[in-house]
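Please look over the sequence and the 3D structure below. A short report on the helices, the core and selected side-chain pairs follows.

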Amino acid sequence: MDEPRTAATASVVVPEVSAAAPEAGAAPRDAEPRGSRALGPVALVIGGGVSVQFGAAIAVLLMPRTGALGVVSLRLALAAVVLLAFCRPALRGHSRADWGTVLVFGTVLAAMNGLFYQSVDRIPLGAAVTLEVLGPLTLSVIVSRRWVNVLWAGLALGGVLLLSGGGFDRLDPLGAAFALSAGAMWAAYIVFSARTGRRFPQADGLALAMGVGALIALPFGIVESGSKLVVPSTLGLALAVAVMSSVLPYTLELLALRRMPSSTFAILMSLEPAIAASAGFLLLNQALSTAEALAIALVIVASMGAVRTQVGRRDRA
């Protein structure tokens, strides 16, 4: 997967993504009147979501060449190279606590991506993303501490049960377990991405954490695939995955969040499972049944509801 950004979590992720200061004289993002919100930022966010999920679909196509762990190691390594070259973060002037946060964040990145790619190697992309969303959705319910969000969680659970057809053996139990575990790591990602964003300027912390994640994942990829990782055609596809799933969406979202309220961003991100299902259908021939489409819709509605509740409570505070 891909570093996350669903509706249930985007309001938590915003402090990290929006670390860059807006242009001089610009109004605060959440203070913009509704009439001033143009279609441009919405297109940027949706473009980022499409990029992430189609990048994941390309990763699935790459797996027969390198295996799931090989794809993860190449994606993280190449994304780290691009981000480090672009951000050029300072290595001095950081405290031990700063580096500790980056190390944990990088470990979470490696685990989250590794678990997600193990999942999509076994179950359809749309189903994997739908199950993975449960991690951020659960975190949103816990953070909000409102009973209404228990209802949203119940709706999401109903969607998951419908998706499983009454038993995860229909999906492949191991693949479903990997997706749920990736969701737990996604929730951890949200917590540590926010902490990293507070400790490092711009996207410097993300670039450093991506480097840590790459160092953790690379030995596993080398053990699984060895010299297959350096085949030129494989490196080309892996670079496409790294750019589409990490570099491009982060850039698009950072630009959008300078001109878009965080609540709007959060709701748009709840479309991730639907985008993933579309990518699976178009690139991987993974067609959805009526029950599967309804299950994904239930999880999307639950994510939207959870975020709307959380944002509404914050606005009244």
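## Terms and model

A residue is buried at under 20% relative accessible area, exposed at over 50% and partly exposed in between, with a 1.4 Å probe and protein chains only. Helices (H or I, at least four residues) and strands (E, at least two) are DSSP runs, numbered from the N terminus.

This is a predicted model: local features need pLDDT of at least 70, side-chain atom pairs count only at pLDDT 80 or more, and totals for chains, interfaces and linings use all residues. Residues are numbered from 1 along each chain as its sequence is written, and side-chain values use heavy atoms, leaving out hydrogens and water.

## Helix α11

The buried residues of α11 are Glu272, Pro273, Ile275, Ala276, Ala277, Ala279, Gly280 and Leu284. The helix has 13 residues. From first C-alpha to last, α11 reaches 17 Å, close to the 18 Å expected at 1.5 Å a residue. That expected span is 1.5 Å times one less than the number of residues. Asn285 follows α11, and its phi is positive, near 60°.

## Overall fold

The protein chain has 12 helices and zero strands. Of its 317 residues, 54% count as buried. Contact means heavy atoms within 4.5 Å. Among contacts in the protein chain with a separation of 6 or more, 89% come from residues 24 or more positions apart.

## Nonpolar core

A nonpolar core is a set of buried Ala, Val, Leu, Ile, Met, Phe, Trp, Tyr and Cys residues joined through side-chain atoms within 4.5 Å. The largest one has 61 residues. Phe116, Tyr117, Val120, Leu125, Tyr189 and Met210 have the most contacts inside it. At least two core residues come from each of α2 (39-87), α3 (96-120), α4 (125-132), α7 (173-199), α8 (204-225), α9 (232-257) and α11 (272-284). The helix that gives the most is α2, with 18 residues. In soluble globular proteins, nonpolar side chains tend to be buried together.

## Val212 in α8

Val212 lies in helix α8. Its relative accessibility is 15%, so Val212 counts as buried. Val212 touches Val102, Leu103, Gly106 and Thr107, not counting residues up to four places away in sequence. Val212 and Leu76 are 136 residues apart in sequence, yet 9.1 Å apart in space, C-alpha to C-alpha.

## Salt bridge

The structure holds one salt bridge, meaning a side-chain nitrogen of Lys or Arg within 4 Å of a carboxyl oxygen of Asp or Glu. Arg199 pairs with Asp98, and the closest N and O atoms are 2.7 Å apart. The pair links distant parts of the chain: Arg199 is in helix α7 and Asp98 in helix α3, 101 residues apart.

Asp98 has 10%, so it counts as buried.

## Aromatic rings

Rings of Phe, Tyr and Trp (its six-membered ring) pair if their centres lie within 6.5 Å; planes under 30 degrees apart count as stacked, over 60 as edge-to-face and the rest as tilted. The structure holds three aromatic pairs. In one of them, the rings of Phe105 and Tyr189 have centres 5.3 Å apart and planes at 50°, so the pair is tilted. Phe105 lies in helix α3 and Tyr189 in helix α7, so the pair ties together parts 84 residues apart in sequence. Both Phe105 and Tyr189 are buried.

The charged end of Arg195 sits over the ring of Phe192, 4.9 Å from its centre. The cut-offs are NZ of Lys or CZ of Arg within 6 Å of the ring centre and within 35 degrees of the ring normal.
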